[in-house]
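Good morning, colleagues. Please look at the model on the screen while I go through its helices, cores, pockets and loops in turn.

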Amino acid sequence: MGATPRQGETFGRYEIERRLGAGGMGVVHLALDTRMQRRVALKVMSTQIAEDPELLARFHREAETLARLDSPHITTIFDHGDVDGTPYLAMQYVAGGDLGTQLKQRGPVPTPLAAAICAQVAEALADAHTAGVVHRDVKPANVLVRDPDAAEPFVYLSDFGIAQAQTGEQGLTRAGSVAGSWAYLAPERAHGAPATPASDIYALGCLLHACATGRAPYAGSDVEMAVAHVNEPVPQLDGTDTSTVELNRVLRLAMAKDPAERYASAGDLRADLLALARGAYDPGAAPLPTPTPTPTTTPTPPAAPATGAPDEPGPSRGRRTALVAGVAAVAVLAVVGGVLGAQALGGDDDGAADGGSDATGAAIEGAIADPVAGDWDGDGLGDLRVGRWIWRDGIEALPALMVPSDGSAFGEAVEDAGRVELPRTGDVDGDGRPDLVQVVESLDDTEVEVTTWRGTGDGVEEQSEQTFTWRTDFGFYGVGDFDGDGRDDLVLTRNRGEKLMIVSVALSNGAGFEEPVEFASRGGRANDDDLFAVGDFDGDGLDDLAARVVNGGDAVGVRFKVLLSTGDRFRKTADVRIEDGRYGVADYTAADIDGDGADELVHLVTDRWGEDEYGATLAVQRFVNGSFGTPEEVVAPTSGGPDFPFLEVGASDVDGDGDEDVVRLLGFDETTGTAQVEVYLSDDGTLAEPVVWGEVPCTTTTCDAESASLVSSE
C-alpha cells in the first residue's frame, strides 16, 4: 500500500505541488499532470477505501459513472485509478473558493442572484440525475463560484465524492452511516431512507435559503437539525414584495416534507429559479457587497481550495478581493433573461500581449513584430485565403487557395494548403503569421476533430491534430484572441436541445488548443439561425463576439449584440434591433477600417438596382457607448443583374496602410470559369467604391457544382 504523497513527490504521473485540504474521503493536492501538462486537483483516497475490496470496487464503478457526466456546471473528472494500491481521482482544478466560505464572510446575496446561482446547481443536478447519479451532499461548501465581480456569477457543483448511482447501492459509506450534511439533509434521509433525486432537490432548497439569508434553514446540533427537518415548517422570508413571495413559494415546493410533494425534477426547479431570476435580476447590478473590513491586522491569505474540495470545511481560505472564484479551466454562465447570457467580470489579464510573444511574454523566434492583417506571404500586404468545395454525392473539399496582393491588385491564386473543410484563420501560435484551423464533427456527434496548420510565409504545414469530446449538436466555430495573450483561441458553439446554446472557448497553447471551457450560454428560444462574427469591437485588446439573432415570430429584421470578452468569459451588452429584412440575409465581417484598434461590423446587404435588378451595398456598424449603433450605409449600391447577389465579404489590409480593407467575393461565372474579387479600399475609415482586383479560378471549365468562400476568423 503506497503512502499518501507529500509536496515535491511524484504520485504516478502526477507531481505534487501542495496540499489543498483533507476530509474523511482522503487528501486533495494541487498536482501537475506530467502527461497532459495541466494542473489538476488530485484526490488521493483514504486507506478506508484502499483496504476494503468492496469499497474499492465501488469507488472505481462510481468514478467511471461520474467521468461520463457531461454538464457545464459539474466539475470534470479527468482520470481515476490507483498507484501502488492507493486509489485517486484527478479532477479539474479550481483556483477559487466555495460558496459556504463566501456567505460566511460576506453575508446573503439578493434574491435574484440567489435564484440565478441555484438555477445553475439545479442544471448540474438535472444532468447528474439523467445519468443516474445522486449527489447526496448538496451544500454551500460543495458549490464553487467563479469570478469576484460578476453580475451573473458562474457556479458549478463539486465533490461528488459520496455520490451514488441510482441502483439502490449505497455510495462510499459504511452500513448504518448517513452520507450528507445534517444542515441540508432531507427529512426522509434522517429516517434512514436512501438518497434519491428528491433528496437532492430538498438540499438545493436549503441551499437557496442559505444564499438568500446567509444561513442554513435550521440550526443546532446534528440531532436538533434532523428533528427540525422532519417536524419544523419550511422557513419563509419576511416580505410581501413579488420577489420574496415567489422565493417563499419555491422554498415550500423544494423543501416539502413529503418527497412526492416536491418538484418532480431538478429541471422543473431550475425553470422556476430562472423565472425568479428574470423577474427581478438586473444584469448591470452592483457586485456582491465587499466584506466589512476589520480594524485588526490583515492575515496572510492561505491556500485556496480545489475542485473536489475536502469533505469538511477547513479554516478560512485565502481569496481574491471579492466573490469566490477564479476557475482555471472552466468558464460558463447562468442562462438568465432568455437571451445569449454572458457575465461581467474583471479578468486578471491587462489586455493583449505584444505580438510575437508566448504566454510568458518571451519573444517567439522569427515572429513578425508588426503584423499586417491577412498577410500570408510576409510582404507587408494583406492577401486572401479562399476555401473551395464541390458537390459530388456530398460536399467535397477542394484545395484551398492563397491569393497574393501587390498593393494594387491580386496576383495568380496559389494552391498551397491542400484540401481543408470550411477552414478558419487566425494567429494560433502568436508569431504574427496567419494560421489555418479546421473543425470537423464526428459521424456519431460525440466528438470534434480540430486540425491546425501553421502559416510559414510560403504556405502552411500541419501543426497539430486534436479531438475534443462534444456530445451535443455542433454549430458555429471561429478563431480570435479572447484572453489577450497574443495567440488566437478557438470558439465553438453547441446546442443542447432546441433552446439552449453553449458558447465555449479552447485557449491556444501555441501548438494547438486546450480543452474547451464554457464562456457563455443562452436559452429561451430556438437558436439555429444565430450567427457570429469575431472582432475586438471595444478596442481593449481582447477579441469579442458579435451575435446576430433573427427576430422570432412575425417580427421583421434582426437583433445584434456584442458579447465582450473579459479574458475568461463573455459579458453581454444591450441589443440593437434592426427592422430591415435585408440584414437577416446579409453577410458580415469584423474589420478595423479606420485603424484605431477597434473593429467595426461591416455588412454586405442587397439593394434594388432598377425595377428588375439586384445590387449590393456596404453598411458599417460601430460599437459606441456599450452597444452597437444603427448600421450606416456607406457605399452606393452597385448593379448585380437580375439574380439575387452572391453575398460573401471579408477583410484584409490589401494595401498595407494599417486600415483593413473590405473584400467581396462574387459567385462563380460559368462562362469565364472564375469568380471576381472586388475590393473596397479604406482610407481612415472611408470606404471607396468597389474595384475588381482579381479572380479566383474553378477546377472545371464550367464551375459546375462548385462554390467558394473567403476564409476568415469566423
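Let me begin with helix H3, residues 99-106, whose buried residues are Leu99, Thr101, Gln102, Leu103 and Arg106. Buried means under 20% relative accessible area, exposed means over 50%, and partly exposed is in between, with a 1.4 Å probe and protein chains only. Helices (H or I, at least four residues) and strands (E, at least two) are DSSP runs, numbered from the N terminus. This is a predicted model, in which local features need pLDDT of at least 70 and side-chain atom pairs count only at pLDDT 80 or more, while totals for chains, interfaces and linings use all residues. Residues are numbered from 1 along each chain as its sequence is written, and side-chain values use heavy atoms, with hydrogens and water left out.

Just after H3, Gly107 has a positive phi of about 85 degrees.

For the chain as a whole, there are 9 helices and 40 strands. Of its 714 residues, 57% count as buried. Contact means heavy atoms within 4.5 Å. Among contacts between residues at least 6 apart in sequence, 58% join residues at least 24 apart.

I turn to the cores. A nonpolar core is a set of buried Ala, Val, Leu, Ile, Met, Phe, Trp, Tyr and Cys residues joined through side-chain atoms within 4.5 Å. In soluble globular proteins, nonpolar side chains tend to be buried together. Which residues touch the most other members of the largest core? In this core of 64 residues, they are Leu207 and Leu273. Helix H4, residues 111-130, gives the largest share of this core, 13 residues. The core lies between domain 1 (9-92) and domain 2 (97-164 + 182-278), because both give residues to it; the domain bounds come from an automatic or database domain assignment. Leaving aside neighbours within four places in sequence, Leu207 is in contact with Leu99, Cys118, Val121, Val138, Lys139, Pro140, Val143 and Tyr184. There is also a second, separate core of 18 residues, which includes Ala533, Phe537, Leu564 and Val605.

Next, the spaces. On a 1 Å grid over the protein atoms alone, a cavity is a set of points where a 1.4 Å probe fits but cannot get out, and a pocket is an open set with protein on both sides within 12 Å along at least five of seven lines; lining residues have an atom within 4 Å of a point. Grid points are joined across faces, edges and corners, and a volume is the space filled by probe spheres set on the points.

The second largest pocket holds about 1500 Å³ of space. Its lining has 50 residues, of which Val372, Ala373, Gly374, Asp488 and Glu660 lie nearest its centre. Several strands each supply at least two residues of this lining, among them S11 (384-391), S18 (473-480) and S34 (649-652).

The structure also holds 6 cavities of 30 Å³ or more. The second largest cavity has a volume of about 80 Å³. Of its 13 lining residues, Arg136, Asp137, Tyr184, Leu185 and Ala203 lie nearest the centre.

Finally, some individual loop residues. Gln37, in the loop between strand S3 (26-33) and strand S4 (38-45), has a positive phi of about 55 degrees although it is not a glycine. Gln37 counts as exposed, at 53% relative accessibility.

Leaving aside neighbours within four places in sequence, Pro423 is in contact with Leu436, Val437, Tyr477, Val711 and Ser712.
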